[in-house]
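Subject: Structure for you to look through

Dear colleague,

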Amino acid sequence: MGIFLAFDFGASSGRAIISKIINNKVVLDEIHRFPNEPVFLGDKYVWDFPRLLNEMKIALRKAALLNEEIEGIGIDTWGVDYGLLDKDNNLIGMTMHYRDKRNYNGVEETKKIISLEELFLRTGISPNTFNTCFQLASDKIMRPDILKNSDSLLFMPDLFAYYLTGEKKNEFTISSTSGLLNMKERSWDYELIEKLDINKDIFNEIIEPGEIYGYLTEDIMEETGLGKIPVIAVGSHDTASAVAATPILNKNYAFLSSGTWSLLGIELDSPIINKKTFNYGFTNEGGVSNKIRLLKNINGLWLIQQLKKTWCELKEEIDFPDIIREARKNENCKFIVDTNDESLMNTKNMIKSIKEYCIKHGQGEPKSLGELAMAVYNGLTNEYSEAIREIEDVLGYKIEGINIVGGGIKDSYLCELTSKRTAKKVIAGPVEAAVLGNMILQWISVKKILSVEEGRNIILNSFKTECYL
């Protein structure tokens with residue numbers, strides 16, 4: 001094999017990682033890392049898109065200096081967010097971040113047209129406030145001129161790919177997070193889009209993971225020193241890529257992509273769209289290789305990350321091992337938060353928000369670092385346990401275990417608690433699941449391997465996993 005380049009945009013950083021396969025094992029080399037923190041622009045919470053695109057170009061120049069043949073480039077980000085181009089292909093307005101508070105207006109506007117249950121029964125996507133359909137509804141209120149002048153909508157991986165290739169396409173897995181697809185047909189629901197009074201012409205051709213957006217433009221090649229390399233549509237939604245790299249043992253194992261968000265669910269051949277899955281809050285997101293991911297979105301370790309950030313700003317410098325140590329001392333405390341509560345979605349002071357939540361719900365006031373952390377750990381593992389019970393109810397059979405992947409597996413205490421609270425075997429690893437899933441689809445695209453299963457076996461042979469009972 002040659003080498004492949006994956007761009008993975010996480011909640012706090014972006015990475016450019018090169019992969020090689022040596023002796024049937026994957027070797028990863030991070031060639032560039034850069035901050036990926038959203039910024040407040042006035043009262044708007046936005047992606048720092050121009051800077052991020054420049055960081056990609058820096059990474060491409062570093063890749064060119066390796067003097068090795070690069071066979072493909074793949075890009076994955078979180079879902080739902082997008083940029084808008086005008087008829088001259090200029091980016092208009094800022095690329096908004098899903099945690100911006102404008103989304104709640106969009107939900108209320110949408111409910112005037114269609115009930116949230118009917119919306120789910122059409123699309124299979126749980127009506128989370130950050131869904132693209134609600135963001136667009138909010139744009140109609142708060143950025144009407146921008147939306148009126150839009151000629152094309154590109155989700156964030158599509159947008160980065162456009163500025164590398166000049167091609168405008170919408171990759172399936174990232175498009176599936178919009179709440180505007182017919183998930184059974186894997187196509188835009190134009191009837192719904194028109195019903196919501198959104199211009200259907202802004203949506204582009206949907207391409208599947210493994211297809212090619214296009215090749216680096218002459219300008220990008222000249223600017224970076226690279227040749228005519230394909231930009232490949234991977235599982236462009238980072239969770240789709242993470243699940244692609246999850247060494248799922250069998251159909252009785254759930255997956256948990258653990259990081260800023262916790263995405264807990266099961267891989268299926270077709271969506272399950274009915275009143276039961278709606279009432280349980282499940283979503284049917286697009287997967288690679290014609291799969292569907294039935295899952296729950298749970299506000300994950302972002303809460304611990306923000307707790308650390310606030311504690312360092314207001315009290316003293318700490319790191320994650322300090323938080324875990326203090327949490328272990330307070331494991332039996334009863335403080336617990338609903339991790340998806342609106343007050344915890346976009347807060348500048350996580351200490352204050354956790355305290356206010358606990359007091360408001362009659363739990364008293366958590367004061368120590370350990371008590372604050374346990375309120376989050378209790379909330380997360382309670383959500384995991386409940387989601388597993390609901391999956392079992394929907395499927396009609398028992399879940400044997402949970403494969404956890406992503407950065408969250410570095411928190412061994414959370415893995416322990418997850419096994420304990422769900423009463424399931426937990427297999428943790430690999431950490432770099434999104435990057436590895438990104439790579440798998442690139443390998444398939446250029447016919448280095450034949451299937452996701454073959455890629456998973458290579459990954460299982462390459463990285464150690466931990467087992468929690």
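Below are some notes on a sheet and on a few backbone features.

This is a predicted model, in which local features need pLDDT of at least 70 and side-chain atom pairs count only at pLDDT 80 or more, while totals for chains, interfaces and linings use all residues. Residues are numbered from 1 along each chain as its sequence is written, and side-chain values use heavy atoms, with hydrogens and water left out.

Helices (H or I, at least four residues) and strands (E, at least two) are DSSP runs, numbered from the N terminus. There is an open sheet of 6 strands with mixed pairing, in the order E3-E2-E1-E6-E14-E13, where two strands pair if DSSP finds at least two bridges between them. Its edges are E3 (25-35) and E13 (212-215), each of which pairs on one side only. Within this sheet, E1 (residues 3-9) runs antiparallel to E2 (residues 13-22) and is joined to that strand by 6 bridges; phenylalanine 7, for instance, has alanine 16 in E2 as its bridge partner.

As for the backbone, most residues other than glycine have a negative phi, and most peptide bonds are trans. Finally, the peptide bond joining glycine 429 and proline 430 is cis, with omega about 5 degrees, and proline 430 lies in the loop between E20 (425-428) and H17 (433-445).

Best wishes
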